[in-house]
Amino acid sequence: MTAAALASPLSHAEPEALQSLPPLSLYIHIPWCVKKCPYCDFNSHEIRGGRDNLPEAEYVAALTRDLETALPSIWGRRVASVFFGGGTPSVFSARSIEALLAAARMLLPLEPGAEVTLEANPGTFEAKKFADFRSAGVNRLSIGIQSFDSRHLRALGRVHDGNEARRAVDIALDNFDNVNLDLMYALPHQTLEDARRDVGAAASHGVAHISAYHLTLEPNTLFYRQPPPLPDDDTAAQMQATVEQALHQHGYLNYEVSAFARPGRESRHNMNYWLFGDYLGIGAGAHSKISLADRIVRQVRFRQPRQYLARALDASPQATPIMAQHEVDGTDRGFEFMMNALRLTRGFEAKIFTARTGLQLESLVSQLDEAQRRGLITRDGEHIAPTPLGRRFLNDLLQIFLPEQQE
Ligand SMILES: C[S@@+](CC[C@H](N)C(=O)[O-])C[C@H]1O[C@@H](n2cnc3c(N)ncnc32)[C@H](O)[C@@H]1O
Ligand code: SF4
C-alpha cells in the first residue's frame with residue numbers, strides 16, 4: 001500500500017488476500033433455440049433445419065472437455081448449485097443432460113442437496129422428457145412462460161400460445177416441486193389489467209418462484225431496430241407496482257429486483273451471483289468468476305457455437321475455449337459487489353463484502369455516506385440494505401459506486 005493510500009481512508013481499494021473462497025456454482029450454457037425471439041440479446045441461435053441438425057453429442061463432448069480443462073482453477077472446491085441456461089436447454093434430450101450431470105458429478109464434488117436448475121420453454125415440453133430430466137438429477141425447473149395471453153405471446157414472437165404455457169406448467173408441477181416461471185411485463189399493447197391477470201395466473205399455479213422482468217429493448221435485437229408499440233413509462237411503472245402488489249398478495253416475497261419467492265424458496269444459484277459468489281460457466285459465450293486467494297478472475301468463452309466447439313474439442317495443449325479473461329482489481333471489486341448485492345431487498349452483511357472482495361467497507365465510506373444522505377440505503381455497523389427509494393431508483397444508487405466516482 002502506498003503512503004498516500006495509508007494517509008487517506010478513501011483510497012483503500014488495495015485488496016487483501018481472501019481469507020476463504022466463496023461458494024462455487026456451475027453454469028452450463030446451451031446456445032440453441034427453436035426460433036430467435038425479436039427482443040432477445042442472449043447468446044442464442046436458431047436451430048437451422050430442425051433438431052436433427054443440432055450437434056448435440058458433439059456439444060456434450062465439448063462441455064465435458066471444457067469442464068475437465070477448467071478443473072485446475074477450481075480444484076478441490078465443492079459445487080453448491082448447477083444451472084443449465086440458454087438459449088433453450090430443454091431442446092436437448094434428457095440423455096444429454098444426464099451425461100452432463102454425470103460428468104459434473106464425476107469431476108466435481110456436488111454438495112448433497114445441490115440445487116440443479118434447467119431452463120425449459122413451452123413448445124419443447126413432452127411429459128416423458130420432463131420426467132426423465134427429473135430422474136437425471138434436475139431438481140428445479142425454470143419455465144420461460146413470458147405471458148399466458150396468446151395475443152402477447154404472438155407479439156413477442158414466441159413459438160408457444162397460452163394453452164401450451166398452461167400445459168407446460170402442469171407438466172412441470174407433475175414432475176418437480178421446485179418450479180420457477182419467467183414472466184415479462186410492459187409488453188406491446190399490454191394493459192395494466194393484462195399484466196395483473198398474467199401474474200395472477202402464474203401465482204395461482206402455486207409455484208415456488210416467479211421472475212417478472214420489465215421488457216427492455218436491447219441493442220442488437222429486432223425490437224431495438226423496429227420498436228413495437230410499448231406502454232409509456234408511467235404505465236410501465238404502474239405495471240411494475242401492480243405486479244409487485246399482486247405477487248405480495250399471493251404470498252411471494254420480492255427478494256431481488258425481479259425475483260419473487262415463497263418464503264425459503266429463493267433461487268440458491270442466483271443468490272450466489274447476487275452475493276458475489278464464484279461461478280464456473282462452461283459452454284458457448286459463458287461467463288465465469290473465479291476467486292483465488294490473491295486474485296479474482298473473470299473469463300468469457302467463445303460465443304459462436306461453431307467456434308466454441310472447435311476450440312473446446314481441439315486436443316492440442318495450447319487450445320482453449322476461453323476467448324478473454326482479466327483480473328478484477330480492487331476498485332472494480334467494490335463496484336461489482338454493490339451492483340449485485342444492492343439488488344437484494346435485504347441487502348448484505350459488511351463481513352460478506354470483506355470476505356468476497358478482500359476490501360474493507362471503509363474503502364467505500366464516502367459513497368456509502370452519500371447514498372445514505374440521499375436516503376437510498378440504510379446502514380448500521382454490520383448491515384447495509386437499499387431503502388424503498390433506493391430500490392426504486394436503483395440506477396442512481398449504483399451510479400454512486402461507479403469506479404469513476406471513487407477516489
Ligand atoms: C436466459 S432467458 C431465456 C430463457 C428461455 N430460453 C426463454 O426464452 O424462455 C431468461 C429470461 O430472460 C427474460 N428476458 C429475455 N430477454 C429479455 C428482455 N429483452 N427484456 C426483459 N426480459 C428478458 C425472459 O423472461 C427469459 O425467460
Ligand atoms: S427462446 Fe429464450 S433464449 Fe431463445 S431467443 Fe427466445 S428469449 Fe432468447
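Which residues surround ligand 2? Let me start there. The shell has C33, K35, K36, C37, Y39, C40, S44, G87, T88, N121 and R158. For this kind of list, a residue counts as near a molecule or strand if one of its heavy atoms lies within 4 Å of it. By class, ligand 2 has four nonpolar, four polar and three charged residues around it. The classes work like this: Ala, Val, Leu, Ile, Met, Phe, Trp, Tyr, Cys and Pro are nonpolar, Asp, Glu, Lys and Arg are charged, and the others, Gly among them, are polar.

Some ground rules before I go on. This is a predicted model, where local features need pLDDT of at least 70 and side-chain atom pairs count only at pLDDT 80 or more, while totals for chains, interfaces and linings use all residues. Residues are numbered from 1 along each chain as its sequence is written, chains are lettered from A and ligands numbered from 1 in the order in which they are written, and side-chain values use heavy atoms, with hydrogens and water left out.

Now the backbone. G87, from the ligand 2 shell, is joined to G86 by a cis peptide bond, with omega at about 25°. G87 sits in the loop between β4 (79-86) and α3 (94-107). Helices (H or I, at least four residues) and strands (E, at least two) are DSSP runs, numbered from the N terminus.

H189 is one, at about 65°. Its place is the loop between β7 (179-185) and α7 (192-204). F276 is another, at about 60°. F276 is in the loop between α10 (268-274) and β11 (278-282). Buried or exposed? H189 counts as exposed, because its relative accessibility is 60%. F276 counts as buried, because its value is 1%. The cut-offs: buried is under 20% relative accessible area, exposed is over 50%, and partly exposed is in between, using a 1.4 Å probe and protein chains only.

Next, the overall layout. The protein is divided into domain 1 (24-273) and domain 2 (349-407). Those bounds come from an automatic or database domain assignment. Taken over C-alpha atoms, the domain centres are 30 Å apart.

On to charges. How many salt bridges does the structure hold? It holds 14. A salt bridge here is a side-chain nitrogen of Lys or Arg within 4 Å of a carboxyl oxygen of Asp or Glu.

Take D66 and R301. Their closest N and O atoms are 3.0 Å apart. D66 is buried, with a relative accessible area of 1%. R301 is buried too, also with 1%.

Then D278 and K289. Their side chains meet in a salt bridge at 2.9 Å, N to O. D278 is in strand β11 and K289 in strand β12 (residues 287-292), eleven residues apart. D278 is buried at 0%, and K289 counts as buried at 1%.

R379 and D369 make another bridge, at 2.8 Å between the closest N and O atoms. R379 is in strand β16 (residues 377-379) and D369 in helix α14 (residues 365-373), ten residues apart. R379 counts as partly exposed, at 26%. D369 is partly exposed as well, at 39%.

There is also a network: salt bridges link D149, R151, D194 and R197.

What about a charge without a partner? R356 is buried yet has no salt bridge. The nearest side chain of opposite charge is D278, 7.3 Å away. For charge, Lys and Arg count as positive and Asp and Glu as negative, with His and the chain ends not counted. R356 lies in helix α13 (residues 350-357). Leaving aside neighbours within four places in sequence, its contacts include L18, P22, P23, L275, F276 and F337. Contact means heavy atoms within 4.5 Å.

Last stop, I290. It lies in strand β12 and counts as buried, because its relative accessibility is 2%. I290 and Y279 are eleven residues apart in sequence and 6.3 Å apart in space, C-alpha to C-alpha. Not counting residues up to four places away, I290 touches S73, I74, R77, D278, Y279, L280, R295, I296 and V297. D278 is the residue that bridges to K289.
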